[in-house]
Amino acid sequence: MAEQIDSLCAAVNKAADELESSNQPMIAGYVRQLTGGVSNVSSTIREKGVDELFGMVGGWARSNPAAFIGGAALLGFVASR
């Protein structure tokens with residue numbers, strides 16, 4: 001699963017490159033920040049168990065619902081491409 005997330009991060013970074021080349025550097029910066037967070041999740045998956053990971057995600061989603069929904073929407077969009 002961590003390898004799939006790393007592949008997703010690579011795809012999102014390519015999307016950020018395209019945003020930068022189309023004169024949208026601010027949005028590209030946000031996308032890169034999101035990618036950094038997702039990359040951290042990949043590292044966490046390698047180090048921790050699934051139950052602990054779901055507990056961490058649930059806690060973060062409760063404390064940051066807008067960011068969680070936005071991130072999920074972005075990941076869904078990227079995955080559909």
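# Exercises on salt bridges, pocket and cavity

At 39% relative accessibility, glutamate 20 counts as partly exposed. That class lies between buried, under 20% relative accessible area, and exposed, over 50% (1.4 Å probe, protein chains only). The model is predicted: local features need pLDDT of at least 70, side-chain atom pairs count only at pLDDT 80 or more, and totals for chains, interfaces and linings use all residues. Residues are numbered from 1 along each chain as its sequence is written, and side-chain values use heavy atoms, with hydrogens and water left out.

**Exercise 1.** Find the salt-bridge partner of glutamate 20, then the network that the bridge belongs to.

*Solution.* Step one: apply the criterion. A salt bridge needs a side-chain nitrogen of Lys or Arg within 4 Å of a carboxyl oxygen of Asp or Glu. Glutamate 20 meets arginine 32 at 3.4 Å, N to O. Helices here are DSSP runs (H or I, at least four residues), numbered from the N terminus. Step three: look for shared partners. Arginine 32 also bridges to aspartate 17, with the closest N and O atoms 2.4 Å apart. Aspartate 17 lies in H1 and arginine 32 in H2, so these parts, 15 residues apart in sequence, are tied together. Arginine 32 is partly exposed at 29%, and aspartate 17 is partly exposed at 40%.

**Exercise 2.** Describe the bridge between arginine 46 and aspartate 6.

*Solution.* Start with the total: the structure holds 4 salt bridges. In this one, the closest N and O atoms are 2.5 Å apart. Arginine 46 belongs to H2 and aspartate 6 to H1, so the pair links parts 40 residues apart in sequence. Both ends are partly exposed: arginine 46 has 47% relative accessibility, aspartate 6 has 30%.

**Exercise 3.** Characterise the largest pocket and the largest cavity.

*Solution.* On a 1 Å grid over the protein atoms alone, a cavity is a set of points where a 1.4 Å probe fits but cannot get out; a pocket is an open set with protein on both sides within 12 Å along at least five of seven lines; lining residues have an atom within 4 Å of a point. Take the pocket. Its volume is about 750 Å³. Of its 23 lining residues, Val38, Val41, Val57, Phe68 and Leu75 are closest to the centre. H1 (2-21), H2 (25-47), H3 (50-63) and H4 (65-80) each supply at least two lining residues. H2 gives the largest share, 7 residues. By class, 17 are nonpolar, 5 polar and 1 charged.

Leu8, Cys9, Val12, Leu34, Thr35, Val38, Leu74 and Leu75 line it. H1, H2 and H4 each give two or more of these residues. The classes divide into 7 nonpolar, 1 polar and no charged.

**Exercise 4.** Locate the nonpolar surface patch.

*Solution.* The members are Val57, Trp60, Phe68 and Ile69, with about 370 Å² of accessible area together. Patch residues have over 30% relative accessible area and no salt bridge; like charges are joined within 9 Å, nonpolar side chains within 5 Å. H3 and H4 each supply at least two members. Tryptophan 60, in H3, is partly exposed at 41%.

Methods:
Grid points are joined across faces, edges and corners, and a volume is the space filled by probe spheres set on the points. Ala, Val, Leu, Ile, Met, Phe, Trp, Tyr, Cys and Pro count as nonpolar, Asp, Glu, Lys and Arg as charged, and the others, Gly among them, as polar. Accessible areas come from the Shrake-Rupley method with a 1.4 Å probe; for residues, only the protein chains shown count as cover.
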